[in-house]
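Please walk me through this fold, from its sheet to its helices and its nonpolar core.

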Amino acid sequence: MLIDLHTHSTQSDGTQSPADLMRSAADARLDVVALTDHDTTRGWGEAARAVRDVGVALMPGIEISCAVDGVSVHLLGYLVDPLDAALLGELEHARASRRTRAQRMVERLAPDTGLTWADVKEQFGAETTIGRPHIADALVRRGVVASRDEAFASYLASGSKYHVSHYAPDPALATRLVRSAGGVPVMAHPFAGARGRVVDESVIERMADAGLAGLEVHHRDHSDSEIGAGLRLADRLGLLVTGSSDYHGSGKQNELGENTTDPAVFDKIVEEATSGTQVIRP
């Protein structure tokens with residue numbers, strides 16, 4: 001079985017609709033794909049309706065944007081209850097902060113790039129979780145940069161004069177929220193130093209104490225040495241090891257199925273979930 005447990009649609013910063021993402025998963029010969037949009041479960045319904053037609057099972061999931069001591073941490077939550085009040089409240093807080101943050105960044109960018117909020121609004125739908133990738137796409141559309149990667153390396157870098165921070169929960173709190181919503185929390189790309197600062201092992205230990213189930217060790221942004229360190233840490237803390245593509249459509253070079261999760265680990269994730277949310281199978 002080919003199992004990819006980390007992908008994004010147009011409900012956050014991917015470039016394909018949930019249904020198109022499912023069709024691409026079929027083209028990639030995946031057996032299971034998880035839809036894990038940032039801070040939202042709104043794409044689940046459309047993706048689920050495509051399951052029978054495409055023949056790929058859907059693992060409903062989410063990616064929660066967290067932060068600790070100014071360092072970004074991403075937490076994948078699988079099979080959560082999408083109506084859990086505590087989780088929903090935290091996600092809506094983060095989504096509202098993301099929108100305000102994006103507007104403030106556009107205000108800072110405007111004098112030097114000519115970018116407007118109207119330009120950015122063309123890049124997302126009414127229910128989309130707004131993020132820096134949408135600003136990047138607007139900069140590409142204006143001809144300011146050639147790609148998302150160029151935008152993030154310059155105008156949208158965390159150290160640039162245009163950067164604005166946004167609210168994000170502590171990762172241990174987010175871990176507890178996923179567990180209380182009946183889901184299974186896995187830390188996304190925890191060692192990806194090429195993407196920016198990463199947390200030290202004490203933070204991951206604290207997340208493990210809060211109920212963390214696993215680490216996404218096999219990821220394109222991890223070097224061989226980082227993968228080795230991740231495997232040792234997962235073994236020491238008794239955590240599951242997953243692998244995923246972190247697919248965003250044309251927004252990133254990541255390809256569906258380039259890293260996958262062992263079927264036995266997938267089964268353990270399904271077994272640990274208590275929410276009643278289920279894998280949607282063809």
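What follows is a short tour of the structure. The model is predicted.

Start with the sheet. Seven strands make up an open sheet, ordered β1-β2-β3-β4-β5-β6-β7. Their pairing is mixed. From one strand to the next, the twist averages 35°. The edges belong to β1 (3-7) and β7 (240-243). Each of these two has a single partner strand, so one side of each is left without a neighbour in the sheet.

One pairing can be taken in detail. Strand β4, residues 71-78, runs antiparallel to strand β5, residues 184-187, and four bridges join the two. Within this pairing, Gly77 faces Pro185 of β5.

Helix α1 (residues 18-27) lies across β1, β2 (32-35) and β3 (57-68). Its direction makes about 155° with that of β2. Helix α2 also packs on the sheet, where it touches β2 and β3. The angle between α2 and β3 is about 155°.

Is Ala48 buried or partly exposed? Its relative accessibility is 26%, so Ala48 counts as partly exposed; buried would require a value under 20%. Leaving aside residues up to four places away in sequence, Ala48 touches Leu58 and Ile280. Leu237 is 189 residues from Ala48 along the chain, and their C-alpha atoms are separated by 34 Å.

Next comes the nonpolar interior. In soluble globular proteins, nonpolar side chains tend to be buried together. Here the largest nonpolar core has 43 residues. Which of its residues touch the most other members? They are Met22, Ile64 and Leu215. Met22 has contacts with Val33, Ala47, Ala50, Val51, Val54, Val56, Ala57 and Leu58, again not counting residues up to four places away in sequence.

Take α5 first. This helix spans residues 132-142, and Pro133, His134, Ile135, Ala136, Asp137, Ala138 and Leu139 are buried in it. Their cover includes α3 (85-113), α4 (117-121) and α6 (148-153). After α5 comes Gly143, with a positive phi near 85°.

Buried residues in α9 are Ile227, Gly228, Gly230, Leu233 and Ala234. Among the elements covering them are α8 (201-209), β6 (214-218) and β7. Gly238 follows α9, and its phi is positive, near 70°.

Finish with the aromatic rings. A pair of rings is described by the distance of the centres and the angle of the planes. How many aromatic pairs does the structure hold? There is one. The ring centres of Tyr155 and Tyr162 lie 5.7 Å apart. Their planes meet at 40°, so the pair is tilted. Stacked would need an angle under 30 degrees, and edge-to-face one over 60. Tyr155 is partly exposed, at a relative accessible area of 21%. Tyr162 has 9% relative accessibility and counts as buried.

Note on methods: Residues are numbered from 1 along each chain as its sequence is written. This is a predicted model: local features need pLDDT of at least 70, side-chain atom pairs count only at pLDDT 80 or more; totals for chains, interfaces and linings use all residues. Side-chain values use heavy atoms; hydrogens and water are left out. Rings of Phe, Tyr and Trp (its six-membered ring) pair if their centres lie within 6.5 Å; planes under 30 degrees apart count as stacked, over 60 as edge-to-face and the rest as tilted. Buried means under 20% relative accessible area, exposed over 50%, partly exposed in between (1.4 Å probe, protein chains only). A nonpolar core is a set of buried Ala, Val, Leu, Ile, Met, Phe, Trp, Tyr and Cys residues joined through side-chain atoms within 4.5 Å. Contact means heavy atoms within 4.5 Å. Two strands pair if DSSP finds at least two bridges between them. Axes are lines fitted to C-alpha atoms, for helices over the stretch in contact, and angles run from 0 to 180 degrees between N-to-C directions.
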